[in-house]
Amino acid sequence: MGRNRIAAELPLAVVGCDFRCASTAWRNHLLLDGEQCDTLAGRLALSADVAGFVILQTCNRVEWILSGPRPTWSAELARAQLSERWRTAGLPEPHPTPYMYTGEAAAEHLIRVALGLESFVRGEREIAGQLNKAFDAAQKAGLASPDLNALQTVLGRVVKRVQRMTRFGARARGVHGLALSMVSQHFAAQGLQRPKIAVVGMGEIGRKAAALAEQLAGVSVTRVNRTVPLRQAQHWRQLADLPAIVGEVDALIVATGAREPIVTDVELARAASGLLVVDIGTPNQVAACDVSIDRRGLDDLLVGSAGSDEDIDAVLALAEDAVAEYRMALRKREVAGLLRATQDRYDEFAYQDLPALLRDKGQEPLTPEIRSAVRAYTRQIVAEIERAVGGD
């Protein structure tokens, strides 16, 4: 029965909203904190037998990944929850329609996401790490499941294969590269010779943005973070210094992930005329300001965000193989219980039932030769069952 269930539909579902179906303003209303995630997971477990729940929240997308015996029902309920958040927020109709994938289509979608095939910049590699961290967070919160653990393993393997065997994504720079491209165009349009950039937020994206900015000819880079480790005291500046910093720079890239905007009129009061502010944080990190600045966001970066298509055929083939690998992983896990039960029954037969039967019939205790023959015979039976279950 387990094999038939897997053949019919993998116990997996994905619902979500990415940059193609809704703007950043809409996606921001879908973001959940830890407590909200736990509450939602509990509701889905009760109403749809959801066994595992992973939330992926990036600048590109918000996706809920679910595992359980009724993936289609789970996905419908989760999609309704997404739409309800927009209704509760009082956003105007019509609302975007979250997408939904179930079974094998869900596995295929997540593999494409992990490989950067569904990203802003086709082939960008940051998403693989973000997705892995989302699975790790679910583990720590007690929201993972064996099905999702198997999927995380498969995702990690296919990402490594693509990076090792192809050139796909090798030149893609991701959202931080798009931000720097926009800043460079701004500097050229303004005729700035030795421009200054401040990058706020020294997480993975912020550090990459700062490193990339230093490659621009003649550009001075200031790194800003809420907390400054002692080893970085000579290289980073405190977020509290931001009001002064904005008066010193020509462009500001904000790559933080605070729940509320960290850049407001207060921070921008001393901004130089013509300051370009590029917000690549999630949710929006720059509030709508009265100050006269050139404010850009993630939605503005979509224009011209072409990526790398090198070795794309090989990547798609590896992605297809990964779907089959996940299907097989679930199949092996389901039949493992049957194999253990068969082995237990063999032990019981060989060491308890058969000796007792022979004693009841007045036979002498088993000789070593007979005992060895019985064991060999029953092991052969177990091997035949394993081959039958495995499809060999």
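The model is predicted. The protein chain has 14 helices and ten strands. Of its 392 residues, 45% count as buried.

**Whole chain**

- The protein chain exposes about 19700 Å². Carbon and sulfur atoms supply 50% of that area.
- Take the contacts between residues at least 6 apart in sequence: 71% of them join residues at least 24 apart.

**The four-strand sheet**

- Four strands form an open sheet in the order β2-β3-β1-β4, and the pairing is antiparallel.
- The edge strands are β2 (52–57) and β4 (99–102), and each pairs on one side only.
- On average, neighbouring strands of this sheet are turned by 15° against each other, direction ignored.
- β2 and β3 run antiparallel and are joined by six bridges. They form a hairpin, with three residues between the strands.
- Phe53 stands opposite Leu66. Gly52 stands opposite Ser67.
- On the other pairing, β1 and β3 are antiparallel over seven bridges. Gly16 has Glu63 of β3 as its bridge partner.

**Helices over this sheet**

- Helix α3 (residues 34–48) lies across β2 and β3. It runs at about 140° to β2.
- Helix α4 (residues 71–88) lies across β1 (12–18), β3 and β4. Its direction is at about 25° to β1.

**Strand β3 and Arg61**

- In a regular strand the side chains alternate between the two faces of the sheet.
- β3 is covered on both faces. Arg61, Glu63, Ile65 and Ser67 are buried on one side. Val62, Trp64 and Leu66 are buried on the other.
- Seven of the seven residues of β3 are buried.
- Which backbone oxygen does the side chain of Arg61 reach? That of Glu118, at 2.5 Å.
- Beyond residues up to four places away in sequence, Arg61 touches Cys17, Asp18, Phe19, Arg20, Arg27, Leu56, Tyr99, His109, Val113, Glu118 and Ser119.

**The α5–α6 crossing**

- Two packed helices are described by the angle between their axes and the distance between the axes.
- The axes of helix α5 (residues 104–114) and helix α6 (residues 126–140) come within 7 Å. They cross at roughly 125°.
- That angle is why α5 counts as oblique to α6.
- From α5, Leu110, Val113 and Ala114 make the contact. From α6, the contact residues are Ile127, Ala128 and Leu131.

**Gln152 in helix α7**

- Gln152 lies in helix α7, which covers residues 146–165.
- Is Gln152 buried or exposed? Its relative accessible area is 14%, so Gln152 is buried; buried means under 20%.
- Leaving aside neighbours within four places in sequence, Gln152 is in contact with Asn132, Phe135 and Asp136.
- The side chains of Gln152 and Asn132 are joined by a polar contact of 2.8 Å.
- Gln152 and Phe135 are 17 residues apart in sequence. Their C-alpha atoms are 6.9 Å apart in space.

**Strand β8 and its partners**

- Strand β8 (residues 251–254) has both faces covered. Ala251 and Ile253 are buried on one side, and Leu252 and Val254 are buried on the other.
- Strand β5 (residues 196–200) pairs with β8 in the parallel sense over four bridges. Val199 has Ile253 of β8 as its bridge partner.
- β8 also pairs with strand β9 (residues 276–279), in the parallel sense and over four bridges. Leu252 stands opposite Val277 in β9.

Conventions. Residues are numbered from 1 along each chain as its sequence is written. This is a predicted model: local features need pLDDT of at least 70, side-chain atom pairs count only at pLDDT 80 or more; totals for chains, interfaces and linings use all residues. Side-chain values use heavy atoms; hydrogens and water are left out. A polar contact is a pair of N or O atoms within 3.5 Å; within protein, one must be able to donate a hydrogen and the other to accept it, and residues adjacent in sequence count only if both atoms are side-chain atoms. Contact means heavy atoms within 4.5 Å. Helices (H or I, at least four residues) and strands (E, at least two) are DSSP runs, numbered from the N terminus. Buried means under 20% relative accessible area, exposed over 50%, partly exposed in between (1.4 Å probe, protein chains only). Accessible areas come from the Shrake-Rupley method with a 1.4 Å probe; for residues, only the protein chains shown count as cover. Two strands pair if DSSP finds at least two bridges between them. Axes are lines fitted to C-alpha atoms, for helices over the stretch in contact, and angles run from 0 to 180 degrees between N-to-C directions. Angles under 35 degrees count as roughly parallel, over 145 as roughly antiparallel, 65 to 115 as roughly perpendicular and the rest as oblique.
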